[in-house]
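Good morning, and thank you for coming. Please look at the sequence and the structure on the screen while I speak.

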Amino acid sequence: MSHSEQQRPEIVVGLVATPPDHPARVAARLTTELAGRLAEQVSADVRWTVREGWGEVAPRRDGGVEALLDDVARRRRSDKWDIAICLTDLPLHAERVPLVAQTSARRHVAMVSLPALGLHQLRAARAAVPDLVSRLLTDASDQRVPPVERASAEMASRMPAVHREVGEADPGERRYVASGLIGRARLLTGMVRANRPGRALLGLSKLLVGAFGTAAFALTTDTIWQMGDALGGLRLAVIMLLGLTALVAWLIVAHDLWEKPDHDTPAELARLFNLGTILTLTLATAVSYVVLFVGTVLVGALLIDTSVLEQTLQRPVDFTDYLTLAWITSSLATVGGAIGSGLENEETVRAAAYGYHPEPDGWRGREGSLAAARAGRRTRRFRAGTDRGPSLGCPTEPWLSPGGRRTAAAGFRQVRKR
């Protein structure tokens with residue numbers, strides 16, 4: 001560090017990801033570039049230091065955004081950061097519309113709800129966080145940076161998810177909300193994005209294997225050939241939709257993925273969690289169905305000779321008949337897939353549920369997590385790839401080093417709040 005850099009005042013910005021799953025991945029990408037963006041967009045006369053943390057702050061469902069900001073403020077004071085920005089995948093609302101971000105000058109913290117940003121969350125977070133830092137320092141009357149007056153329209157131009165600012169009466173507490181219909185649609189797509197449907201798809205491998213086995217057996221039955229020929233496109237579409245619906249319902253019921261409202265989980269939040277789970281499973285099963293359909297078409301074309309199919313159907317056939325045969329076979333095979341899903345690892349399927357978050361006490365070390373595992377608490381794998389520094393809940397032990405990631409999953413106790 002040069003002498004001129006040492007003379008500049010330092011501002012430490014903490015990025016807190018809660019829970020340490022999808023938000024932590026966004027925070028890790030953002031941490032590497034945030035200091036440069038702050039120097040470019042906020043002030044070049046300040047030495048910006050960005051710290052990353054996760055695992056200590058857990059989203060409390062009953063307290064809403066205020067409880068979340070209180071938790072982040074305690075983390076900021078504990079780690080001696082100047083300001084803290086929380087990235088969360090918790091869907092939040094203000095005035096009955098999705099809440100995108102909120103700043104609190106008295107706490108010196110801000111929050112960004114990643115699902116409210118839609119599909120391109122990292123790009124939107126890149127634009128949002130420097131603006132939130134600037135707004136926070138201005139509202140807190142921090143003399144180390146020049147005050148700026150940015151209107152909500154300017155924030156909306158940088159972040160398409162922001163429709164307007166509410167709470168202008170209190171300059172220290174600013175809330176940026178989305179629009180009604182479009183904002184809710186963006187929130188749902190963002191929830192599915194944060195829930196990582198690809199993970200759910202990979203987790204349903206036994207389901208796909210069971211479906212392929214059922215489809216292979218059905219292809220050898222000429223009754224299925226005749227049924228496919230007799231049924232029209234409308235009936236086949238209905239059978240397909242019923243099969244996929246039954247599969248999603250079976251996954252939810254068999255693996256207890258339905259979130260029930262209680263004193264910790266408000267009814268509106270439970271509905272959002274359940275909708276996010278349904279959409280994630282629907283997308284995963286739909287992609288599985290396409291894979292099954294393509295595989296069935298290829299296997300049918302290889303195994304069933306055209307002359308045999310013509311003899312059974314008593315008419316000339318073409319490639320569309322093989323598509324129809326694969327259509328009805330794949331739809332019926334989803335029942336076999338439902339049976340195969342019962343063989344899936346419980347945690348693998350439960351990862352598709354949106355309502356999983358860290359425990360309020362966060363990460364407590366290897367011994368505590370092993371004790372929790374012995375007590376039957378659920379775990380979910382999380383990759384700890386870098387040393388995150390000496391902050392609360394940020395492991396630096398050798399067993400979490402890149403060479404020792406095999407036990408990293410034990411460091412994160414993922415439980416479902418009931």
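I begin with a definition: a residue is buried under 20% relative accessible area, exposed over 50%, and partly exposed in between, with a 1.4 Å probe and protein chains only. This is a predicted model, in which local features need pLDDT of at least 70, side-chain atom pairs count only at pLDDT 80 or more, and totals for chains, interfaces and linings use all residues. Residues are numbered from 1 along each chain as its sequence is written, and side-chain values use heavy atoms, with hydrogens and water left out.

Let us apply the definition. E95 has a relative accessibility of 48% and therefore counts as partly exposed. E95 sits in the loop between strand 4 (93-94) and strand 5 (97-104). Helices (H or I, at least four residues) and strands (E, at least two) are DSSP runs, numbered from the N terminus. Although E95 is not a glycine, its phi is positive, about 55 degrees. H108 also has a positive phi, near 60 degrees, and is a residue other than glycine. The loop that holds H108 runs between strand 5 and strand 6 (109-113). Because its relative accessibility is 27%, H108 counts as partly exposed.

Now the whole protein. It has 15 helices and ten strands. Of its 418 residues, 53% are buried. Contact means heavy atoms within 4.5 Å. Among contacts between residues at least 6 apart in sequence, 78% join residues at least 24 apart.

What does the interior hold? A nonpolar core is a set of buried Ala, Val, Leu, Ile, Met, Phe, Trp, Tyr and Cys residues joined through side-chain atoms within 4.5 Å. The largest such core has 67 residues, and those with the most contacts inside it are V13, W48, I85, V100, V112, L117 and V133. Helix 4 (residues 121-139) gives the most to this core, namely ten residues. Apart from neighbours within four places in sequence, V133 touches V13, L38, W48, I83 and I85. There is also a second, separate core of 13 residues, including L309, V317, L325 and I328.

I turn to helix packing. Two packed helices are described by the angle between their axes and the distance between the axes. Axes are lines fitted to C-alpha atoms, for helices over the stretch in contact, and angles run from 0 to 180 degrees between N-to-C directions.

How do helix 10 and helix 11 cross? The axes of helix 10 (residues 233-254) and helix 11 come within 10 Å and cross at roughly 130 degrees. These two helices are therefore oblique to each other; angles under 35 degrees count as roughly parallel, over 145 as roughly antiparallel, 65 to 115 as roughly perpendicular and the rest as oblique. On the side of helix 10, M240, L244, L247, V248, L251 and I252 take part, and they meet I278, L281, T282, T285 and Y289 in helix 11.

Helix 11 (residues 267-303) also packs with helix 6, where the axes come within 9 Å and cross at roughly 60 degrees. L187, L188, M191 and V192 of helix 6 make this contact with L272, F273, L275, G276, L279, T280 and L283 of helix 11.

Finally, G180 is placed in the loop between strand 8 (173-177) and helix 6 (181-194). The C-alpha atoms of G180 and P98 are separated by 7.6 Å, although these residues are 82 apart along the chain.
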